[in-house]
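Please keep the sequence and the model in view while reading.

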Amino acid sequence: TANVEPGEYTLPRTGFGAKYQGVNGPETTAGGLLNILEHDTTAKTIKGTFSFITNRTEITEGQFDVAY
């Protein structure tokens, strides 16, 4: 995780993935974007945004702020 740099990454991509849990079960990413806005290796936090599509669903304006 320490080697994740801020920037825009296409999905799906090795090391990055997304799934949507719909009423019909999990849906895997067909394509999308993951934007790492900030990675603080001292505090061990990553912040960013995402958007992606599956074969049935479009996810827009997603965001995350996680500790590892």
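Which residue forms a salt bridge with Arg56? The partner is Glu27, and the closest N and O atoms of the pair are 3.4 Å apart. A salt bridge is counted here when a side-chain nitrogen of Lys or Arg lies within 4 Å of a carboxyl oxygen of Asp or Glu. By this rule the count comes to one salt bridge. Glu27 belongs to strand β3 (residues 25–28) and Arg56 to the loop between β5 and β6, so the pair ties together parts that are 29 residues apart in sequence. Glu27 is buried, at 5% relative accessible area, whereas Arg56 is partly exposed, at 48%. Buried stands for under 20% relative accessible area, exposed for over 50%, and partly exposed for values in between (1.4 Å probe, protein chains only).

The model is predicted: local features need pLDDT of at least 70 and side-chain atom pairs count only at pLDDT 80 or more, while totals for chains, interfaces and linings use all residues. Residues are numbered from 1 along each chain as its sequence is written, and side-chain values use heavy atoms, with hydrogens and water left out.

**The sheet**

Four strands form an open sheet in the order β1-β4-β5-β6, with antiparallel pairing. β1 (7–11) and β6 (58–67) are the edge strands, each with a single partner strand, so one side of each is left without a neighbour in the sheet. On average, neighbouring strands of this sheet are turned by 20° against each other, direction ignored. Axes for such angles are lines fitted to C-alpha atoms, for helices over the stretch in contact, and angles run from 0 to 180 degrees between N-to-C directions. Strands (E, at least two residues) and helices (H or I, at least four) are DSSP runs numbered from the N terminus, and two strands pair if DSSP finds at least two bridges between them. Strands of a sheet pair through backbone hydrogen bonds, either parallel or antiparallel.

| Strand pair | Bridges | Opposite residues |
|---|---|---|
| β1 and β4 | five | Thr10 and Leu33 |
| β5 and β6 | eight | Thr45 and Ala67 |

β4 covers residues 31–40, and β5 covers residues 45–53. β4 and β5 form a hairpin with four residues between them, and Lys44 in that turn has a positive phi of about 55°. β5 and β6 also form a hairpin, again with four residues between them.

**Aromatic residues**

The structure holds two aromatic pairs. In one of them, the rings of Phe50 and Phe52 have their centres 6.1 Å apart and their planes at 25°, so the pair is stacked. Rings of Phe, Tyr and Trp (its six-membered ring) pair if their centres lie within 6.5 Å; planes under 30 degrees apart count as stacked, over 60 as edge-to-face and the rest as tilted. Phe50 is partly exposed at 26% relative accessibility, while Phe52 is buried at 5%.

Thr45 is found in β5 and is buried, at 18% relative accessible area. Leaving out residues up to four places away in sequence, Thr45 touches Glu38, His39, Asp40, Val66, Ala67 and Tyr68; contact means heavy atoms within 4.5 Å.

Tyr9 is found in strand β1 and counts as buried at 15% relative accessibility. Beyond four places in sequence, its contacts are Phe16, Gly32, Leu33, Leu34 and Ile36. Tyr9 and Gly32 are 23 residues apart in sequence and 8.5 Å apart in space, C-alpha to C-alpha. A polar atom of the Tyr9 side chain lies 2.6 Å from the backbone oxygen of Glu5.

Thr29 is found in the loop between β3 and β4 and is buried, at 9% relative accessible area. A polar atom of its side chain lies 2.5 Å from the backbone oxygen of Ala18. Again leaving out residues up to four places away, Thr29 touches Leu11, Pro12, Ala18, Lys19, Phe52, Ile53 and Thr54.

How values were computed. Polar contact = N/O pair within 3.5 Å; in protein donor to acceptor, adjacent residues only side chain to side chain.
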